[in-house]
Amino acid sequence: SILLPHQFYIDRPEALERDELIYLARLAEQSERYEEMVGYVKAFVKKTGQDLSVEERNILSVAYKNVVGARRTSWRVLNSIEQKEERRGNAAHKAAADQYRTDVEAELRRHCDDVLNVIDTDLIPRAANSEARVFYAKMKGDYYRYMSEFAQGPAKNASGSKAEEAYLQAFDIAKNELPPTHPTRLGLALNFSVFYYEIKQEKEKACDMAKAAFDEAVPELDNISEESYKDSTLILQLLRDNITLWTSGEGERD
């Protein structure tokens, strides 16, 4: 194919073929240009008339996780600085940090709304199997959870309720249709338990959910497929780490 200027790929991704978009999304990931990666991902999702493959779902997940994750980190830092300046009695510095945090919140809200729209419009209606339905519903719960981390008042309650609804939908499918060692089911249990611990402040429920997922999976590890073993054992370790932290009276963010 004819090589075009780099800016063309960024400004008009819809003009490219699907395989070109997937390649460019991987290229953007390797060069850590995640906002451009999101643009390529959205374009190849629009060009796809069927469900995404496991690899394509992972590309989608990586793109949004990095774009949103960087801003979640920024928000936490700015929130901490704002509180520190308030304790120091430095009103001008507190106001500056507050404005900066507000700007980051707007970016977070925009990116979360973006991915939630893609999930509802393009992904859930095309989900071809139980694993895909769980993956998308879990992802929906995750991004509503991220919104509830910084939202206030009724907006916080609304985001929390939507996150719980999505997680419960995913949990119901996973419990009935995916094995206990499946990495998508384990990842759901990890994130759903973090939601109960951090957002809902239902710490006993969070611990019970994490323990149940861990205890159900461990006896089945001998039956796990080779391709799932690494992912599943990694998530089991994260579940165990959270259980240890939570039962010792500490909390850790996912």
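1. Cys-207 counts as buried, with a relative accessibility of 10%, where buried means under 20% relative accessible area with a 1.4 Å probe and protein chains only. Cys-112 is also buried, at 0%. The count of disulfides is zero, a disulfide being a pair of cysteine sulfur atoms within 2.5 Å.

2. This is a predicted model, in which local features need pLDDT of at least 70 and side-chain atom pairs count only at pLDDT 80 or more, while totals for chains, interfaces and linings use all residues. Residues are numbered from 1 along each chain as its sequence is written, and side-chain values use heavy atoms, with hydrogens and water left out.

3. Cys-207 is one of the buried residues of helix 9, which also include Ala-206, Met-209, Ala-210, Ala-213, Phe-214 and Ala-217. Because these residues cover an arc of only 165° around the axis, they lie on the same side of helix 9, the arc being that of the directions from the helix axis to the C-beta atoms. The buried residues of helix 9 pack against helix 7 (153-177), helix 8 (183-199) and helix 10 (226-247), with contact meaning heavy atoms within 4.5 Å.

4. The largest pocket holds about 910 Å³ of space, pockets being open sets of points on a 1 Å grid over the protein atoms alone, where a 1.4 Å probe fits, with protein on both sides within 12 Å along at least five of seven lines. Its lining has 26 residues, of which Asn-58, Phe-135, Lys-138, Pro-183 and Ile-235 are the closest to the centre; lining residues have an atom within 4 Å of a point. Helix 6 gives the most to this lining, with seven residues.

Conventions: Buried < 20%, exposed > 50% of the residue type's maximum accessible area, 1.4 Å probe, protein only. Helix = DSSP H or I, 4+ residues; strand = E, 2+ residues; numbered from the N terminus. Points joined across faces, edges and corners; volume = space filled by probe spheres on them.
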